[in-house]
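Please look over the model below.

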Amino acid sequence: VPDPRLIPYELFSRAYRHALIKITQNQYMGYGDPRGMIELRQALQQMLSMERFMNVAEDEICIVRGSQMGIFLASRALPNRQGVIIVEELYYPSAFKAFQSNGFQVVSVKLDGQGIVIEDLERILQEHSVAAIYTTPHHQYPTTVTMTMNRRLQLLELSKKWGFYIIEDDYDHEFHYDSRPMPPLASLPHSELVIHVGSLSKVFAPGIRLGYMVASPTIIQSITEDILLIDRQGNNITELALADLMQRGEIKRHIRKMKKIYQLRRDHVLAEFKRIFAERVHIQPPAGGMAVWVKFQKPFTQDQLIKLKELNIDTEQKFKQGESSSHCIRLGFAALSEKEITALI
């Protein structure tokens, strides 16, 4: 999660005041478009075009209450409701639960240091009717691995050949430190069946509750029908406030500031693990994101598991189907100061 202590509250206050005035003047307090305020969709359209090379129309964007809602709705919008959904061997548990709740069988595909193992995906495609694959290619959750360009292109070619959808969870695209971010799947050739899910909550704080989805008009229409059943529409005031901040370049400036801070925190985490644990841990330095994937040499003892719980580290969280190894943790550093990071490690 991001550090809520770093939110520019004065900036937010002004944006919310402007949004309230605009809503009052234009009588926006009634029911609106379930896809979200047009002002925010237009601001996202411009951002996605300029920052992520995605050529999208306004009717291909839908605002949701965070990426989790987007993942849930994406699986409900899939045409092949009888097929399986593939997830990476280590996966985001809340996505796994969302797919199961919508009646899908979930199958795991192997993962290595370059992302999804294409040969294993091809084997699954031959054995199952696949509705979609869910992937976190930018910073794989939980391992932080970035999927290589070659693997991305192979995945898209298979999507076109076999006709399965790709649910791309691009939850922290903004935070990439060592190089330019890899273009999302949705910006590459053969991406017609990609459902792109993004979040604005990671930029500021989870309480903002704003995410977005990009997909074909047919998929967006299906998602809109579900939104009308469960939510009707989002928060007009928040959506207008965020649109105002995006249009004035304030969000971009805030992201630049946060990137510098989070990069220093990432480097501090890596240095402190090396100083305190030396060879007893292995961490592949992530190119970006807000967490590190820590592999300890030995499994945790029962006493150590109790101690980890006391430190608010969820030792019962499973990132894998069946028995999972008990010698890894995913440690989020973005919400911690350097002093707090040192104390925790």
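Is the crossing of H3 and H4 left-handed or right-handed? The crossing of these two helices is right-handed. Keep in mind that this is a predicted model.

**The helix pair**

Two packed helices are described by the angle between their axes and the distance between the axes. For H3 and helix H4 (residues 93–101), the axes come within 9 Å. They cross at roughly 35 degrees. H3 brings Gln 68, Ile 71, Phe 72 and Ser 75 to the contact. H4 brings Ser 94, Ala 95, Ala 98, Phe 99 and Ser 101. By type, the residues of this contact are five nonpolar and four polar, with no charged ones.

**The pockets**

Rolling a probe the size of a water molecule over the atoms shows where empty space is left.

| Pocket | Volume | Lining residues | Lining by type |
|---|---|---|---|
| Largest pocket | about 1,400 Å³ | 50 residues | 25 nonpolar, 14 polar, 11 charged |
| Second largest pocket | about 760 Å³ | 29 residues | 15 nonpolar, six polar, eight charged |

Start with the largest pocket. Tyr 141, Gln 317, Phe 319, Arg 330 and Leu 331 lie nearest its centre. Helix H3 (67–76), strand S11 (291–296), H10 and S12 each give two or more residues to the lining of the largest pocket. The largest share comes from S12, with five residues.

Now the second largest pocket. Nearest its centre lie Met 47, Glu 51, Glu 174, Lys 252 and Ile 255. The elements that give two or more residues to the lining of this pocket are helix H2 (38–52), H8 and H9. H9 gives the most, with seven residues.

**His 254**

H9 spans residues 250–277, and His 254 sits in this helix. Is His 254 buried or exposed? His 254 has a relative accessible area of 7%. Buried means under 20%, so His 254 counts as buried. Which residues does His 254 touch, not counting those up to four places away in sequence? The contacts of His 254 are Leu 6, Pro 8, Val 203 and Phe 204.

**Backbone features in loops**

Tyr 141 returns here. The peptide bond from Tyr 141 to Pro 142 is cis, with omega near 15 degrees. Pro 142 lies in the loop between strand S6 (130–135) and helix H6 (149–162).

Next comes Arg 232. This residue is not a glycine, although its phi is positive, at about 70 degrees. Arg 232 belongs to the loop between helix H7 (217–230) and helix H8 (236–247). H8 also gives residues to the lining of the second largest pocket.

Where is Asn 312 found? Its place is the loop between helix H10 (302–310) and strand S12 (328–332). Both H10 and S12 give two or more residues to the lining of the largest pocket. Asn 312 has a relative accessibility of 73%. Exposed means over 50%, so Asn 312 counts as exposed.

Note on methods:
Residues numbered from 1 in each chain as written. Predicted model: local features only at pLDDT ≥ 70, side-chain atom pairs only at ≥ 80, totals over all residues. Heavy atoms only, no water. Helix = DSSP H or I, 4+ residues; strand = E, 2+ residues; numbered from the N terminus. Buried < 20%, exposed > 50% of the residue type's maximum accessible area, 1.4 Å probe, protein only. Contact = heavy atoms within 4.5 Å. 1 Å grid on protein atoms, 1.4 Å probe; cavity = no way out; pocket = protein on both sides within 12 Å on 5 of 7 lines; lining within 4 Å. Points joined across faces, edges and corners; volume = space filled by probe spheres on them. Nonpolar A, V, L, I, M, F, W, Y, C, P; charged D, E, K, R; others polar. Axes fitted to C-alpha atoms, helices over the stretch in contact; angles between N-to-C directions. Left-handed = near helix turned anticlockwise from the far one by under 90°.
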